[in-house]
Amino acid sequence: MSALANHRFVKMNGLGNAIVVVDLRGTGGSARALGSGEARAAAGAGGAPCDQLMVLHPPRTPGTDAFVRIYNSDGSQAGACGNGMRCVADLLFEEVGRRALTFETTAGLVNCWPGLTPRVATVDMGTPRLGWRDIPLTEEFRDTRAIELQIGPIDNPILHSPSAVSMGNPHAVFWVDDVTAYDLAKIGPLLENHPIFPERANISLAAVASPAHLIVRTWERGAGLTKACGSAACAAAVCAVRTRRTGRTVTVTLPGGDLTIEWRPRDDHVLMTGPVEYEYEGWFEPALFAGADVA
């Protein structure tokens with residue numbers, strides 16, 4: 001039987017990025033991965049519809065508060081989800097009575113602390129990975145500030161020369177004048193699955209409103225069009241600094257609202273600050289997982 005059967009969940013969102021948090025720390029089980037079918041069922045229409053499913057397991061590294069597995073709505077795993085980590089952190093701040101938390105994900109350790117107002121949190125997303133092997137890409141690019149990738153006619157491409165980076169998951173950021181001028185629902189899947197991205201990629205359109213303000217839309221790997229993608233906001237901010245478009249602290253406006261992103265000079269860590277909202281709580285019915293692959 002699925003570990004999620006008869007288990008409580010909390011439905012939340014970060015700027016409209018739909019998040020479901022499931023706490024398995026008290027079940028006594030190991031931090032095994034869910035089967036992709038289990039994750040799809042939980043995130044689907046019959047369960048608790050969401051972009052990302054955040055599953056908390058008992059800590060596996062001393063000094064951490066939980067081991068967190070992150071699932072996209074298509075059942076695939078992700079290494080990072082900034083909006084989801086803010087939701088998880090907000091749930092646990094009151095529980096543990098501390099103003100700093102450390103989580104472990106498949107991409108590494110993530111530190112979180114509360115913001116200056118209620119329901120706002122800051123997540124340390126770590127250092128960006130800039131090398132082509134680390135993103136990863138299937139071809140060598142010595143300079144990932146602009147890689148050779150385009151969509152559309154060779155002599156008149158619709159989009160071309162994105163900046164590439166990993167923020168725990170791969171990102172390609174296309175610089176445009178107007179992020180609403182493109183059919184991202186059509187273009188996104190083609191680029192997400194381009195052979196140059198062996199692990200697929202998050203595809204973002206980014207426009208520079210000012211040296212301290214970016215506007216971003218994202219097709220999220222494994223989830224599709226999203227109102228907000230925290231790691232994509234971080235990726236766009238890093239790429240904007242690398243291409244000398246902005247300073248190291250920017251407001252990133254997403255369809256769901258604003259995030260503050262700082263690429264900290266002293267240690268190259270990327271800090272993301274933004275709000276979370278609670279929607280409702282519920283329980284997963286066992287029948288939901290009938291026929292799903294259980295790991």
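Over the ring of which residue does the charged end of R60 sit? That ring belongs to F67, and the charged end of R60 is 3.9 Å from its centre. Before going further, keep in mind that this is a predicted model.

R248 lies over the face of W263, at 4.4 Å from the ring centre.

**Rings that meet rings**

Now for the aromatic residues that pair with one another. A pair of aromatic rings is described by the distance of the centres and the angle of the planes. The structure holds 3 aromatic pairs, and two of them are set out here.

| Pair | Centre to centre | Angle between planes | Kind |
|---|---|---|---|
| F9 and F284 | 4.7 Å | 35° | tilted |
| F284 and F289 | 5.9 Å | 70° | edge-to-face |

Let's take F9 and F284 to begin with. F9 is part of strand 1, which covers residues 8-14, while F284 falls in the segment after strand 19 (277-283), so this pair ties together parts that are 275 residues apart in sequence. Are these two residues buried or exposed? Both F9 and F284 are buried.

The pair of F284 and F289 counts as edge-to-face because its planes are at 70°, and the cut-off for that label is over 60 degrees. F284 has a relative accessible area of 2%, so F284 is buried. F289 comes out at 5%, and it is buried too, because buried means under 20%.

Elsewhere in the chain, here is a stretch to trace by eye. Strand 12 spans residues 170-175 and strand 13 spans residues 202-210; the two pair in the parallel sense, over 5 bridges. If you want a spot to look for, H171 stands opposite N202 in strand 13. How does the chain get from strand 12 to strand 13? The path goes through helix 3, made of residues 184-192, and this β-α-β crossover is right-handed.

Strand 13 also has strand 14 (residues 213-220) as a partner, and here the pairing is antiparallel, over 7 bridges. Within that pairing, S204 has T218 in strand 14 as its bridge partner. Strand 13 and strand 14 make a hairpin, with 2 residues between them.

Terms used: Residues numbered from 1 in each chain as written. Predicted model: local features only at pLDDT ≥ 70, side-chain atom pairs only at ≥ 80, totals over all residues. Heavy atoms only, no water. Pairing = 2+ DSSP bridges. Helix = DSSP H or I, 4+ residues; strand = E, 2+ residues; numbered from the N terminus. Right-handed = clockwise from strand over helix to strand, strands pointing away. Phe/Tyr/Trp six-rings, centres within 6.5 Å; stacked < 30°, edge-to-face > 60°. Buried < 20%, exposed > 50% of the residue type's maximum accessible area, 1.4 Å probe, protein only. Lys NZ or Arg CZ within 6 Å of the ring centre and 35° of its normal.
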